[in-house]
Amino acid sequence: MSVVIWHNPRCTKSRETLKYLEDHGHKPEVREYLVDVPSVAELKTVLKQLGFSSAREWIRTNEADYKTLNLKGEDKDDKLLEAMAAHPKLIERPVVIANGKAALGRPPENVLGIL
């Protein structure tokens, strides 16, 4: 089974989720999404895999970019996903993708449901 984690090594939850996967016998492909930035098309796919009805559920509203880009009133998923692709710090992390599904590792145990 292929397991991928969109990882930020500076994020405690991301590190915890990676360790959680490894402790449960998985060797995930680690994608540092701030360096290897997902495209809008990838974000759309993962949004569906997460089961979210809106990109707003997946965006980090406390990031400076969120305020700078004035995204608070934005309700179009395409605009939010474009902002997330252009400013990947806006992507809530970590994201684990496996078996055609995705889960946020907040808390790390959340990822068990897709493995």
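## Briefing: helix packing, a tryptophan pair and some backbone details

Trp-6 and Trp-58 are both buried (under 20% relative accessible area with a 1.4 Å probe and protein chains only; exposed means over 50%, and partly exposed is in between). The model is predicted, so local features need pLDDT of at least 70 and side-chain atom pairs count only at pLDDT 80 or more, while totals for chains, interfaces and linings use all residues. Residues are numbered from 1 along each chain as its sequence is written, and side-chain values use heavy atoms, with hydrogens and water left out. Helices (H or I, at least four residues) and strands (E, at least two) are DSSP runs, numbered from the N terminus.

**The tryptophan pair**

- The structure holds one aromatic pair; rings of Phe, Tyr and Trp (its six-membered ring) pair if their centres lie within 6.5 Å.
- The ring centres of Trp-6 and Trp-58 are 6.2 Å apart and their planes are at 20 degrees, so this pair is stacked (planes under 30 degrees apart; over 60 is edge-to-face, and the rest are tilted).
- Trp-6 belongs to strand β1 (residues 3-7) and Trp-58 to the loop between α2 and α3 (64-68), so the pair ties together parts that are 52 residues apart in sequence.

**Arg-31, a neighbour of Trp-6**

- Arg-31 sits in strand β2 (residues 29-32) and is buried, with a relative accessible area of 10%.
- Apart from neighbours within four places in sequence, Arg-31 is in contact with Ile-5, Trp-6, His-7, Asp-36, Val-37, Pro-38 and Glu-42 (contact means heavy atoms within 4.5 Å).

**How α2 meets α4**

- Two packed helices are described by the angle between their axes and the distance between the axes.
- For α2 and helix α4 (residues 77-86), the axes come within 9 Å and cross at roughly 120 degrees; axes are lines fitted to C-alpha atoms, for helices over the stretch in contact, and angles run from 0 to 180 degrees between N-to-C directions.
- The two helices are therefore oblique to each other (under 35 degrees is roughly parallel, over 145 roughly antiparallel, 65 to 115 roughly perpendicular, and the rest oblique).
- On the α2 side the contact is made by Val-40, Leu-43, Lys-44 and Leu-47, and on the α4 side by Asp-77, Asp-78, Leu-81, Glu-82, Met-84 and Ala-85.
- The residues of this contact divide into six nonpolar, no polar and four charged; Ala, Val, Leu, Ile, Met, Phe, Trp, Tyr, Cys and Pro count as nonpolar, Asp, Glu, Lys and Arg as charged, and the others, Gly among them, as polar.
- Leu-80, Leu-81, Ala-83, Met-84 and Ala-85 of α4 are buried, and what covers the buried residues of α4 includes α2.

**A closer look at Val-40**

- Val-40 is found in helix α2 (residues 40-50) and is partly exposed, with a relative accessible area of 25%.
- Leaving aside neighbours within four places in sequence, Val-40 is in contact with Leu-81, Glu-82 and Ala-85.

**Backbone points to check in your viewer**

- The peptide bond from Arg-93 to Pro-94 is cis, with omega near -10 degrees, and Pro-94 is in the loop between α4 and β3 (95-98).
- Another cis peptide bond runs from Arg-106 to Pro-107, with omega near 0 degrees; Pro-107 is in the segment after β4 (101-104).
- Asn-70, in the loop between α3 and α4, has a positive phi of about 55 degrees although it is not a glycine, and Asn-70 is exposed, with a relative accessible area of 63%.
- Asn-99, in the loop between β3 and β4, has a positive phi near 55 degrees and is partly exposed, with a relative accessible area of 47%.
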